[in-house]
Structure formats: structure tokens, C-alpha cells
Amino acid sequence: MPTIATSTPTPTAADDCLYVPSGQAAKPVNLPPTTDVPKTGTVTYTMHLTAGDVVMTLDRAKAPCAVNSFASLVSQTYYDNTDCHRLAQGFVLQCGDPTATGTGGPGYSYADELTGKETYPRGTVAMANAGPNTNGSQFFIVLADAQLPAAYDVLGSVSADSMAVVDAIAAKGYDPNHPVDQNGGWPAWGAHINSITAS
């Protein structure tokens, strides 16, 4: 399952978001704002990969603190010039760790925003975690309808057209210069994030 390594914060208050310092940031960033966080509407971002552009529409109503964190990291260019470090064929493409080790994060963590009814169809964008309330910066794109427990904050979805770019990355398979295990391996091609921009 998608994972990152962080520690557990106290769950967020109903009207605010709480981001708890946790470990060392893979790249220096400021904590996201914690008050007046938008909780309605959608926001669109374009992830500019070497394979092409991937358009993601994020839903603030589903996971306002997660979307707020993502927006803050984008505004601080945290994701720029990083690699999506994990491909699991027929499952997910995982990004968001500047160290590309699978353990890097933004130096903070925050609580889950789950209803217990989350599903993960093809094209879903969701937060990776290492257990309850351990969200950080890593996220994954679902390649095919996934039977995952309702344990990963759903940020939104990738446009149908953009999934062709994600599929092209998956079709190239794994990088032979990196180990592959039951959790997947490095993508062979196309998964470098040049930047993520608001659309």
C-alpha cells in the first residue's frame, strides 16, 4: 500500500487545520496556514511531467486540510524538480517525496479527513500515509480501480485525457537500475515533475 514515514499529530479541530512538525523536511518549507482554510469548491493543478501534463482537480470539500497542504507545497515549489519514485503496475503511481526514497516528507504531518466511505477508482488522487493521521506530502494516482481500505484522504481526480500520460509512464515499466519488490519500483521513464502549477 502507499506509504510514507511520519509521526502522528493530534486530530484537527472542526474549523481549523493542524499541521504538526514531524521529522526533517526533504526540502525546506513553511507550515501551511491553519485558519480560514477553504472548505468548498474545487481547485485545479497541472503537474508538468517529462511525459506530459497531468491535470488534477482537487475537491476542498472532501479533504480541506489535505488540499490546503498541497496548495501550500505547490506555492513553495516543493514538488518542482522531483521524481515520482514509485510505480506499482496496475495499481498506483506515487509522487511527492523530493528524496525519491519513499520516506521523505515536508517536515510536518496532519490528521486524516475520512468518512469511511472512500473509494479509489481509476484516476483518483489520494494521500499516501504510514497509518492513521500521518499525512505529509506524498500522494498517489490510481492506475486502475483499486480495492483499498477507506484509509487514504481523497484529494480529487486526474482528468480522463491526462490519464493517457500516466498510462504512458506505466507502460514503460520499471527502471532496471533500481530495485523492484512487491510494492513496485522506480518508473523507467517520464515521471520527473518539472513543476506543478495552478490552472
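1. A quick definition before anything else: a disulfide here is a pair of cysteine sulfur atoms within 2.5 Å. The structure holds 2 of them, and they get points of their own below.

2. Some housekeeping. This is a predicted model, where local features need pLDDT of at least 70 and side-chain atom pairs count only at pLDDT 80 or more, while totals for chains, interfaces and linings use all residues. Residues are numbered from 1 along each chain as its sequence is written, and side-chain values use heavy atoms, with hydrogens and water left out.

3. Cys17 sits in the segment before β1 (19–21) and Cys65 in helix α1 (residues 64–75), so the pair ties together parts that are 48 residues apart in sequence. Both Cys17 and Cys65 are buried (buried means under 20% relative accessible area, exposed over 50%, partly exposed in between, with a 1.4 Å probe and protein chains only).

4. Then there's Cys84 with Cys95, sulfur atoms 2.0 Å apart. This link has 90° about the S-S bond and is right-handed. Cys84 lies in the loop between β4 (82–83) and β5 (86–88), and Cys95 in strand β6 (residues 92–95), so the parts tied together are 11 residues apart in sequence. Cys84 is buried at 1% relative accessible area, and Cys95 is buried at 0%. With the bonded cysteines numbered in sequence order, the pairing reads 1-2, 3-4.

5. Now the fold. I get 2 helices and 11 strands, in the order β-β-β-α-β-β-β-β-β-β-β-α-β. (Helices are DSSP runs of H or I, at least four residues, and strands are runs of E, at least two, numbered from the N terminus.)

6. Overall dimensions: the C-alpha trace spans about 45 × 35 × 30 Å along its principal axes. As for burial, 50% of the 199 residues count as buried.

7. Finally, the surface and charges. The protein exposes about 8500 Å², with carbon and sulfur atoms supplying 52% of it (Shrake-Rupley areas, 1.4 Å probe). The 8 positive and 17 negative charges have mean positions 4 Å apart; Lys and Arg count as positive, Asp and Glu as negative, and His and the chain ends are not counted. Each charge is placed at NZ of Lys, CZ of Arg, CG of Asp or CD of Glu.
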